[in-house]
Structure formats: C-alpha cells, structure tokens
Amino acid sequence: MSTHPGFGSREFATSFNSVAAEYATARPDYPATLYDAIEELADRPLAGARVLDVGAGTGLGTRPMLRRGATVTAAEPGPGMAGQLRARLPAVRLVRADGNALPFTAGAFDLVTYAQAFHWTDPTRAVPEARRVLRPGGALALWWNVPDRTVPWQRDQERRLRARLTGYHRGDISAEAPGILADLDPALTTHYREVGWSRDLPLAAHLANLATHSFFAVLGPEASRAVIDDERALLEREFPEGEVTESYTVRLTVARVRG
Ligand SMILES: C[S@@+](CC[C@H](N)C(=O)[O-])C[C@H]1O[C@@H](n2cnc3c(N)ncnc32)[C@H](O)[C@@H]1O
C-alpha cells in the first residue's frame, strides 16, 4: 500500500463486496459526454479499441464502452462485485485481478481505464503495470464522479457526513491524479477534463446510492442505517415531494504513452 495520503486501506477497498447488489442498482453510471472526452483525449475512438477496465466493479463504467464498440476485458479483485459483473455482462471477459499486478502480456491493450477505482491501488505499482500492458501510443484513463459541492443541499450533506463518518471521501485523489501520474512517469503526456452532469431520482434511491459508499459499507448495516435514517429525516423536510437532483462533476485524467 502506498504511503501517499488518502490511499485506501484494505478494509475500505474490500467493503464494496458486502453491498455489491445495491451498488449495481443504486450507483450512478457516467454520462455519454465523459466517453466523448475519453475518445478525444486518448485520440482514438472506443470502437475497435482493446480496453482493460480495472476495478470494473459491477460494470457501470464498462457497459458504455461496450456499447461504443470496444472489446473490454474487466479486471476486478472483489468476489461480490465480480459476481454482479458476471451476471450483468456475461459476455465480457472477466479476470479476478487487481491493478497492482496485472496478469496480461505487454502491449495487449489500447486503453486502460479505472472508473472510480484507481485510488484503491498503490500507484507506484499500478502505473508501471498499466504502462506495461499498454501498447506504445495507448492511453490510461482515470475518472471519478464527484458530487458538486457548490449545490447547497449537497454541500450541507457533505459537512454532516464528514463530521460523522471515519474515512469520509478518504482517498479522493480525483484532482491530484494528473500530478501523481506525471511524477511517477514523466514519459506520460497527461490531460485533465471536468464533465458536469446531473440526474433526477427519488429520495429513496439517493439514500440507497449513499449507503453503497465505502465509508458507509465499513460501518455494517446497523450503524449505516442510523446515519441514513437521519439523512432521510432531514432530506424529507427539504424535499417534501420526495425527489432530488444529484449533481456531479466527473474528473477525468487521460495519460497518453508516447508512441
Ligand atoms: C467504487 S468501485 C468502482 C467500480 C466501477 N468501476 C464503477 O465505476 O462503478 C471500486 C472498485 O475497485 C475495486 N478495487 C479495490 N482495490 C483494487 C485494486 N487494488 N485494484 C483494482 N481494483 C480494486 C473494488 O473491488 C471495487 O469494485
């Protein structure tokens, strides 16, 4: 595990397996504009690309790349998350592996992606591994869906949860990622983009999404429920019609290997 501040502990990294089914249904996926930006910054279409999606989880980031015509291999260390991916995307090649030691041959991929997963790796191992399995001219794309904290209700929720939950947004390296990659490998050409988007959903679905985050999952069901119940009570007062809009910024880093 890296000593870089914020990188996740094993307890947090494996916490998703206990909430994998809820994760698959409640977590947001990613907007089409994100995949447009990946194609632009990687300087190639996803159609026909050989993609390795590391930390693929239940496949939320994988599916849109398949739809664009990529051939995707999913690498996922967690048994619960891998089980969900296998059930949802049975045609995808799934390998139980983690980003620190990729069991693939050199130059096998055009694109290596980490959707909300790179912070769980040790980047001093994961970056050289990504470089090794990428062909010259290939690209490494890392992204995170970050709640927009300029929206008052999301900012207030952030403040409440930060005060109450150990490890809340621990490992948020979404803004530092370009610098981390540049420090570790000066041969990478790094680009950064922010993509804003939002979704309207029932309050219950927002709370289900919240409960799938590692800082809730590590609490266990009972302690997690107590915090979620308090959030429900507050948000029902703020949104009596029972609908909320979650607003996000996807922070995307694409690093190209000089080819
Ligand atoms: C927040 S989930 C993201 C899942 C999916 N990519 C998505 O966008 O929904 C983080 C994933 O990283 C996986 N993970 C944890 N440690 C990892 C590691 N060292 N290398 C690769 N993936 C890891 C977890 O099992 C989990 O599935």
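## Salt bridges and a pocket in a predicted model

Arg50 counts as partly exposed because its relative accessibility is 34%, where partly exposed lies between buried, under 20% relative accessible area, and exposed, over 50% (1.4 Å probe, protein chains only). The model is predicted, so local features need pLDDT of at least 70 and side-chain atom pairs count only at pLDDT 80 or more, while totals for chains, interfaces and linings use all residues. Residues are numbered from 1 along each chain as its sequence is written, and side-chain values use heavy atoms, with hydrogens and water left out.

The side chain of Arg50 forms a salt bridge with that of Asp110 at 3.0 Å, N to O; the term stands for a side-chain nitrogen of Lys or Arg within 4 Å of a carboxyl oxygen of Asp or Glu. Arg50 belongs to strand 1 (residues 50–54) and Asp110 to strand 4 (residues 109–115), so the pair ties together parts that are 60 residues apart in sequence. Helices (H or I, at least four residues) and strands (E, at least two) are DSSP runs, numbered from the N terminus. Asp110 is buried, at 7% relative accessibility. Arg50 and Asp110 are also linked with Arg44 and Arg135 in a network of salt bridges.

| Pair | N to O distance |
|---|---|
| Arg50 – Asp110 | 3.0 Å |
| Asp230 – Arg164 | 2.8 Å |
| Arg232 – Asp229 | 2.7 Å |

Asp230 and Arg164 meet in a salt bridge through their side chains. Asp230 lies in helix 11 and Arg164 in helix 7 (residues 152–164), so this pair ties together parts that are 66 residues apart in sequence. Asp230 is partly exposed at 37% relative accessibility, and Arg164 is partly exposed at 44%.

Arg232 and Asp229 are three residues apart in helix 11, a separation of about one helical turn. Arg232 is partly exposed at 30% relative accessibility, as is Asp229 with a relative accessible area of 36%.

The second largest pocket holds about 190 Å³ of space. A pocket is an open set of points on a 1 Å grid over the protein atoms alone, where a 1.4 Å probe fits, with protein on both sides within 12 Å along at least five of seven lines; lining residues have an atom within 4 Å of a point. Its lining includes Ser18, Val19, Glu22, Phe216 and Pro221. Helix 9 (203–211), helix 10 (214–217) and helix 11 (221–238) each give two or more residues to this lining. By class, the lining has six nonpolar, four polar and one charged residues.

Methods. Points joined across faces, edges and corners; volume = space filled by probe spheres on them. Nonpolar A, V, L, I, M, F, W, Y, C, P; charged D, E, K, R; others polar.
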